[in-house]
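Open the model in your viewer and keep the sequence beside it. This tour goes stop by stop, saying what to select and what is there.

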Protein chains: 2
Amino acid sequence: MTVGTIAAVRYEARVEITHLPGIADPQGATIERSLPALGYRNVSQVSVGKSIRLVVEAADEDAARSQVDEMCQRLLANPVIEAYEIHLTALASA
Amino acid sequence: MTVGTIAAVRYEARVEITHLPGIADPQGATIERSLPALGYRNVSQVSVGKSIRLVVEAADEDAARSQVDEMCQRLLANPVIEAYEIHLTALASA
């Protein structure tokens, strides 16, 4: 596929959204409290976040990363309380 | 640290929990429908899952993976509607 006259590459993005330090993580705390009752006493630092996967078409990896970052700021994450990491993998070109 | 007489290694586990194929993903569908209104017309296949991070002490990576897998089956995931992937990273030994 082309966007204008520039061949586009498809990238799979995995966005991991976590709580910023100091922001409460009640799901993680609940899991951590439940584990000893199930016999798991060697587990710590449990945190629960979101994992968003999507496919984006872009001219190159920089363009893809920049767009996904903007999407995180505007829609996918709440930058006031959440951090995010973007991991991109090029798919076969479309 | 030792468990019995066996030196334990600390592993950070990242567990990515996704919907099984055919299971509705309303969060992903809502995000995908919202993107064009924000000007993003080159994004598809949006899915939203959970990302759980935790630290587990185990004798070796196989033991750590086996325990985290069991924890997913029993507590972290719902195997009837969810799939999960486990990624382990060894931390400096404790």
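Which residues make a nonpolar surface patch of about 240 Å²? Select Ile23(A), Val80(A) and Ile81(A): these residues make the patch. Keep in mind throughout that this is a predicted model.

**Stop 1: the patch**

Stay with Ile81(A). This residue sits in the loop between helix 2 (61-76) and strand 5 (82-90) of chain A. The reasoning needs two cut-offs, because buried means under 20% relative accessible area and exposed means over 50%.

**Stop 2: a residue in strand 3 of chain B**

Now select Thr18(B), which belongs to strand 3 (residues 9-19) of chain B. With a relative accessible area of 28%, Thr18(B) is partly exposed. Which residues does Thr18(B) touch, not counting those up to four places away in sequence? They are Ile81(B), Glu82(B) and Ala83(B). Thr18(B) and Ala90(B) are 72 residues apart along the chain, and their C-alpha atoms are separated by 24 Å.

**Stop 3: the two chains together**

**Stop 4: the nonpolar cores**

A general point comes before this selection. In soluble globular proteins, nonpolar side chains tend to be buried together.

How many residues does the largest nonpolar core have? The count is 23, and the residues with the most contacts inside this core are Val43(A), Val15(B), Ile52(B), Leu54(B) and Val68(B). Then display the elements that give two or more residues to the core: strand 4 (43-58) of chain A, and strand 3, strand 4 (43-58), helix 2 (61-76) and strand 5 (82-90) of chain B. Helix 2 of chain B supplies the largest share, 5 residues.

Centre the view on Ile52(B). Leaving out residues up to four places away in sequence, the contacts of Ile52(B) include Ile31(A), Val46(A), Ser47(A) and Val48(A) from chain A. Contacts from chain B include Ala13(B), Val15(B), Ile17(B) and Leu76(B).

Another core, of 22 residues, lies apart from the largest one.

**Stop 5: a positive phi in each chain**

Most residues other than glycine have a negative phi. Select Gln45(A), in strand 4 of chain A. Its phi is near 55°, a positive value in a residue other than glycine. Then move to Gln45(B), in strand 4 of chain B. Gln45(B) also has a positive phi, of about 55°, although it is not a glycine.

**Stop 6: salt bridges**

Side chains of opposite charge can pair when their charged atoms come close. How many salt bridges does the structure hold over all chains? There are 10.

Select Glu12(A) and Arg53(A), which form a salt bridge with the closest N and O atoms 3.1 Å apart. Glu12(A) lies in strand 3 (residues 9-19) and Arg53(A) in strand 4 of chain A, so the pair ties together parts that are 41 residues apart in sequence. Glu12(A) is partly exposed, at 26% relative accessibility.

In chain B, select Glu12(B) and Arg53(B): they form a salt bridge, and the closest N and O atoms are 3.1 Å apart.

Then go to Arg65(B) and Glu61(B), another salt bridge, with the closest N and O atoms 3.3 Å apart. Both residues lie in helix 2 of chain B, 4 residues apart, which is about one turn of the helix. Arg65(B) is partly exposed at 33% relative accessibility, and Glu61(B) is partly exposed at 35%.

Key
Residues are numbered from 1 along each chain as its sequence is written. Chains are lettered from A and ligands numbered from 1 in the order in which they are written. This is a predicted model: local features need pLDDT of at least 70, side-chain atom pairs count only at pLDDT 80 or more; totals for chains, interfaces and linings use all residues. Side-chain values use heavy atoms; hydrogens and water are left out. Patches are made of residues with over 30% relative accessible area and no salt bridge: like charges are joined within 9 Å, nonpolar side chains (Val, Leu, Ile, Met, Phe, Trp, Tyr) within 5 Å. Accessible areas come from the Shrake-Rupley method with a 1.4 Å probe; for residues, only the protein chains shown count as cover. A salt bridge is a side-chain nitrogen of Lys or Arg within 4 Å of a carboxyl oxygen of Asp or Glu. Buried means under 20% relative accessible area, exposed over 50%, partly exposed in between (1.4 Å probe, protein chains only). Contact means heavy atoms within 4.5 Å. A nonpolar core is a set of buried Ala, Val, Leu, Ile, Met, Phe, Trp, Tyr and Cys residues joined through side-chain atoms within 4.5 Å.
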